[in-house]
Amino acid sequence: MSPSPNYEFQEWWNKQRASDHNELLSSSETSSFLTVDIRSPSTAAAVAEKDRSRSARQLSWIYLLKVHQIAHFLAFITNGFITLIRTAKRRVATASSSSPSGSPRSESKFYKIIKFFLLISVLLLIFELIAYFKGWHFSPPTLESEVEDLVEYIYAKWLVIRANYLAPPLQSLTNACIVLFMIQSVDRLVLVLGCFYIKFRGLRPVAEMEYEDAENGGANVQDYPMVMVQIPMCNEREVYQQSIAAVCIQDWPRERMLVQILDDSDDTDVQALIKAEVHKWQQKGVHIIYRHRLIRTGYKAGNLKSAMNCDYVKNYEFVAIFDADFQPAPDFLKKTIPYFKGKDDLALVQTRWSFVNKDENLLTRLQNINLAFHFEVEQQVNGWFINFFGFNGTAGVWRIKALEDCGGWLERTTVEDMDIAVRAHLCGWKFIYLNDVKCLCELPESYEAYKKQQHRWHSGPMQLFRLCFVDVLQSKVSWVQKANLIFLFFLLRKLILPFYSFTLFCIILPLTMFLPEAQLPFWVVCYIPGLVSILNILPSPRSFPFIVPYLLFENTMSVTKFNAMVSGLFQLGSSYEWIVTKKLGRSSEADLVAMVENESAPLLENGGIQRSSSESGLAELNKLEMTKKTGRKRRNRLYRKELALAFILLTASVRSLLSAQGIHFYFLLFQGITFLVVGLDLIGEQVS
């Protein structure tokens, strides 16, 4: 028989279990050792880190650090803005003081058009701001509805005019420029693919022979053809020494080479310096001649033409031409002359340029991108597949018979090198481009020098196209060669490129902001220019960090190239302006000095040259070098066209911001800032 249940004990036991359970829950929330027992070590570390992050002292240090970073960033932006304002004020003051009082600077028609366009843009922006704050952008007024005031009526009338009369022709021009843009982009793509094909197949010109060292008995001196080396120069105070030295130490029999220094300098001190340098190398046994023209006509073409009229030229078979800032390697002739062997129809062997100052500043880096594409892609592809390219005016070797056959140097354009190359091509002569033979030279480091150089390089081809168009049509070359000359060489790469680049990005794009009925697709503003810039930068992969500045700067340079193209095409006054590109005399390598010393040492020992005469020449040279500091003081400038276009683009960017157009706004903003930087001459060499 079971005992009767003890209800009092059962009630006590239930109360005790309930109290123990409550204590366990409270201890799990307050006790730390229970947490450690039931959680993993990683969870414990996270909890400990969370507890540490809640420290008030550490939070205060974190906030102080963030405040310091923000303050540093704001200070950097403020200092940069203040520096920009001060530089602008200084440039404006310098520009105003440089022009004589009472004689305002002459304004070109192109600049007047840009100023008029700027005025219209500012007025339209003010009008659009009024419409924006009145809410007309969201509910535009119409002429059919009742208008409250005159301003609303004018805005409604403006909407009708721009939709029916202004937007359609602008859209047509936009579509035409887009088509030209796409054609030019396809041309760039084909050139790059051709360059990849050449690299993949390992294609390169092959010489039928190589010249051995005649002094070691490897070859007879008579096997070396007679070569004439020409260095045309004009007031080249900074670079004449290194260029003359580089040519005079060529590894070529001295009796088979003649050096012509063709000096067009009008500065008597520079003439004396160059004469002293020529005399020094004459004493060392180099066959070198100094020539100076009394009447400087025809610029470089006239200088070369005068030199080729000398009687002794008939004794030479080839002529190598170097500008004053070029420094060929000692084996330059040995690497180029052999390609003429067995090729009687070969007129020109062109080598690649290499730049001693390509990393000097942002301007030289951007120039290097352009010229690397020109030599690596354009010259190489055209030379291999078409057997024609434009002579670069320097760092090339010509067969003298080819020069005489095509009429010699002519003074009719400012691109005499391209002129003679086209005429030689029409006469049936062939060209070879050597991408692996490089000649050191110097890039212009100031925007002023670069701008003048680009103006000449883009106005001259249009002069030449106008002069030789009929000759191309009447020539005996094939229709494929004629089409290449007319449509690719001249029209697409010399005329269409600067036309659409300036029109599309500096005119049409700002106009579409004020005439939204005409639309410029965002892929034309963003994707295609980006892809083309990537193609242009492929030959110089180290320049990829500068792809955005390159894209913006190329659009900025379009104003100079467009102006030059129009000047050359319509025979305007500035198209025949020739200004020698300013050079700073950057040293190529320390090896050049060593080579000169090694070359001159045996000459002094074996040739019995008197050191007294050499020292007297150096004394005269050093005396004349003291006149270097007496030149005109250089200063940075203001460029009015670029500044006016900067304000046009910035005005259009504000209008784009009102319409919430993202890609267009950012492009206009950064492009306007780039124009502003260039207009203030803040790119390139800075002169204090």
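Me: Which residues form a nonpolar patch on the surface?

Reply: A patch is built from residues with over 30% relative accessible area and no salt bridge, nonpolar side chains (Val, Leu, Ile, Met, Phe, Trp, Tyr) being joined within 5 Å and like charges within 9 Å. Here the nonpolar patch consists of Phe 116, Leu 119, Ile 120, Val 122, Leu 123, Ile 126, Ile 130 and Val 151, with about 670 Å² of accessible area together. Accessible areas follow the Shrake-Rupley method with a 1.4 Å probe, and for residues only the protein chains shown count as cover. The model is predicted: local features need pLDDT of at least 70 and side-chain atom pairs count only at pLDDT 80 or more, whereas totals for chains, interfaces and linings use all residues. Residues are numbered from 1 along each chain as its sequence is written, and side-chain values use heavy atoms, with hydrogens and water left out.

Me: Which helix gives the most to the nonpolar patch?

Reply: Helices (H or I, at least four residues) and strands (E, at least two) are DSSP runs, numbered from the N terminus. Helix α5 (residues 109-133) gives the most, with seven residues. Val 151 is found in helix α6 (residues 150-201). In the chain there are 22 helices and seven strands.

Me: Why does Val 151 count as partly exposed?

Reply: Buried means under 20% relative accessible area, exposed over 50%, and partly exposed in between (1.4 Å probe, protein chains only). Val 151 counts as partly exposed because its relative accessible area is 33%. Helix α5 also holds Ser 121, which is buried, with a relative accessible area of 2%.

Me: What does Ser 121 touch, not counting residues up to four places away in sequence?

Reply: Contact means heavy atoms within 4.5 Å. On that basis Ser 121 touches Phe 514, Ile 648 and Thr 651.

Me: Which residues does UniProt list for "transmembrane region"?

Reply: UniProt positions are given in the numbering used here, feature names are shortened, and annotations may be inferred rather than shown by experiment. The unreviewed UniProt entry lists residues 61-82, 113-133, 173-198, 495-514, 520-538 and 638-657 under that heading. In the model, residues 495-514 are 100% helix and 0% strand, with the end C-alpha atoms 28 Å apart. Residues 520-538 are 79% helix and 0% strand, and the end C-alpha atoms are 28 Å apart there.

Me: How many residues does the largest nonpolar core have?

Reply: A nonpolar core is a set of buried Ala, Val, Leu, Ile, Met, Phe, Trp, Tyr and Cys residues joined through side-chain atoms within 4.5 Å. The largest one has 145 residues, and those with the most contacts inside it are Ile 244, Ile 261, Trp 398 and Val 422. Its largest share, 16 residues, comes from helix α15 (residues 479-514). Apart from this core lies another, of 13 residues, among them Leu 366, Met 557, Val 678 and Ile 683.

Me: What surrounds Ile 244, leaving aside its neighbours within four places in sequence?

Reply: Ile 244 is in contact with Ile 231, Ile 261, Ile 274, Glu 277, Val 278, Trp 281 and Ile 288. Ile 244 is one of the buried residues of α7. Helix α7 (residues 240-248) is mostly covered, eight of its nine residues being buried.

Me: Where do Arg 204 and Asp 436 lie?

Reply: A salt bridge is a side-chain nitrogen of Lys or Arg within 4 Å of a carboxyl oxygen of Asp or Glu. The structure holds 23 salt bridges, and the side chains of Arg 204 and Asp 436 meet in one (3.0 Å, N to O). Arg 204 lies in the loop between α6 and β1 (227-233) and Asp 436 in strand β7 (residues 430-441), so the pair ties together parts 232 residues apart in sequence. Arg 204 is partly exposed at 46% relative accessible area, and Asp 436 is partly exposed at 45%.

Me: Are Arg 293 and Asp 264 buried or exposed?

Reply: Both Arg 293 and Asp 264 are buried. They form a salt bridge whose closest N and O atoms are 2.6 Å apart.
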